[in-house]
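Subject: Structure handover

Hello,

The structure we talked about is below, together with its sequence. Please look it over before reading the notes that come after it.

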Amino acid sequence: MMILNASGCLDALTAPAVARSLDAFVTKTVTPLPREGNAPPRIAEVEQGMLNSIGLANPGIDRFLSQTLPRLGELGVPVWVSVGGFTVADYADLCDRLDDRPEVEAIELNVSCPNVDDVPGSVGEIVAVARAATRKPLYTKLSPATADIAEVALAVQRAGTDGLSLVNTILGLALDNHTLKPRLSRGAGGLSGAALKPIALAAVYACYAATGLPIVGMGGIASGRDAIEIVAAGAASVALGTILFSDPDAPGRIRAELASEMAALAVGEADNVIGLAHAKTTAASETAAAAAALSVQ
């Protein structure tokens with residue numbers, strides 16, 4: 001089981017020690033052209049999490065390939081590149097340009113950013129053209145803001161994705177205490193942190209049951225207990241997001257806590273926990289649970 005960062009939650013070049021504490025580093029989403037992103041303010045702390053409306057600020061693919069990626073390759077950590085576009089063709093071009101770069105371990109298709117307009121609608125089509133454009137492993141990052149995320153997961157599976165990243169942020173709004181106006185310039189922004197965890201668990205659980213694909217689970221993971229729960233729901237790996245802003249040492253701490261959780265459950269290796277929440281209850285355990293319920297009545 002790997003521990004990664006969620007895209008956009010860590011700058012590996014300004015915090016290389018944190019990046020090296022991960023099993024793989026995921027870049028901020030790269031787009032065809034440079035983007036300044038949304039106007040400030042674009043981050044706001046809220047109860048149980050954080051709102052952001054960064055808007056995919058990034059240097060664009062040309063400068064990323066010529067300046068950023070070579071430096072990331074020197075860190076000695078596998079690099080996953082997150083890409084985002086505004087047409088289906090954008091995704092094909094981005095994947096094609098990354099295909100022959102040895103620094104790139106995998107590509108994450110960001111088809112679910114809530115902070116930009118005009119994101120193309122056909123997720124399956126995006127994955128299909130990306131799959132045709134690259135031999136790299138593809139992970140598709142999905143939004144929880146859909147009526148049936150498992151159906152979307154099945155569509156991208158049919159289109160050729162190798163795995164899923166679950167989940168992206170979901171829209172939320174915070175108002176200023178004094179003015180009662182939105183605290184972010186854009187109004188609403190992407191909600192991350194502890195409040196996202198139950199949503200992420202539900203998405204991972206549903207998509208694992210539907211597809212069986214490898215899943216990187218993310219959303220509110222701040223402890224070993226959080227990590228083992230999302231793995232039990234079906235994730236093969238976990239990604240840390242908001243917690244990295246307040247606790248850069250979280251990767252090491254969560255690894256240690258996860259080991260303690262597994263020891264307490266006597267499950268052996270982390271792989272034995274994957275999908276454990278889906279395991280059918282045995283007759284013996286059902287009898288024990290019923291006896292325990294009777295004993296407290």
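Overall

This is a predicted model. The protein has 10 helices and 12 strands. For 297 residues, a compact globule would have a radius of gyration near 19 Å, and the 20 Å of the protein agrees with that. Along the principal axes, the C-alpha atoms fill a box of roughly 65 × 55 × 40 Å. Of the 297 residues, 49% count as buried. If we take contacts between residues at least 6 apart in sequence, 70% of them join residues at least 24 apart.

Pockets

The largest pocket has a volume of about 740 Å³. Its lining consists of 39 residues, and those nearest the centre are Cys9, Met50, Asn52, Thr169 and Ser192. Strand S3 (43–46), strand S4 (49–52), strand S12 (237–240) and helix H8 (243–246) each give at least two residues to this lining. By class, the lining of the largest pocket splits into 18 nonpolar, 18 polar and three charged residues.

The second largest pocket comes to about 510 Å³ and is lined by 22 residues. Leu10, Asp11, Ala12, Phe25 and Lys28 lie nearest its centre. Two or more lining residues come from each of helix H2 (61–73) and H8. The largest share, six residues, is from H2. By class, the lining of the second largest pocket has 13 nonpolar, five polar and four charged residues.

Helix H3

Helix H3 covers residues 88–98, and its buried residues are Val88, Asp90, Tyr91, Ala92, Leu94, Cys95 and Leu98. Which elements do the buried residues of H3 pack against? They pack against H2, strand S5 (79–83), strand S6 (104–110), helix H4 (123–133) and strand S7 (138–141).

Asp226 lies in helix H7, residues 224–233. Asp226 counts as buried because its relative accessibility is 12%, and the cut-off for buried is under 20%. Apart from neighbours within four places in sequence, Asp226 is in contact with Lys197, Gly220 and Ile221.

Ser223 sits in the loop between strand S11 (215–218) and H7. With neighbours within four places in sequence again left aside, Ser223 is in contact with Arg253, Ile254 and Glu257. Ser223 and Thr179 are 44 residues apart in sequence, and their C-alpha atoms are 36 Å apart in space.

Backbone

Most residues other than glycine have a negative phi, and most peptide bonds are trans.

- Val167 is in the loop between strand S8 (163–166) and strand S9 (170–172).
- Ala266 is exposed, at 68% relative accessible area.

Regards

Technical notes:
Residues numbered from 1 in each chain as written. Predicted model: local features only at pLDDT ≥ 70, side-chain atom pairs only at ≥ 80, totals over all residues. Heavy atoms only, no water. 1 Å grid on protein atoms, 1.4 Å probe; cavity = no way out; pocket = protein on both sides within 12 Å on 5 of 7 lines; lining within 4 Å. Points joined across faces, edges and corners; volume = space filled by probe spheres on them. Helix = DSSP H or I, 4+ residues; strand = E, 2+ residues; numbered from the N terminus. Nonpolar A, V, L, I, M, F, W, Y, C, P; charged D, E, K, R; others polar. Rg over C-alpha atoms; globule rule 2.2 N^0.38 Å. Buried < 20%, exposed > 50% of the residue type's maximum accessible area, 1.4 Å probe, protein only. Contact = heavy atoms within 4.5 Å.
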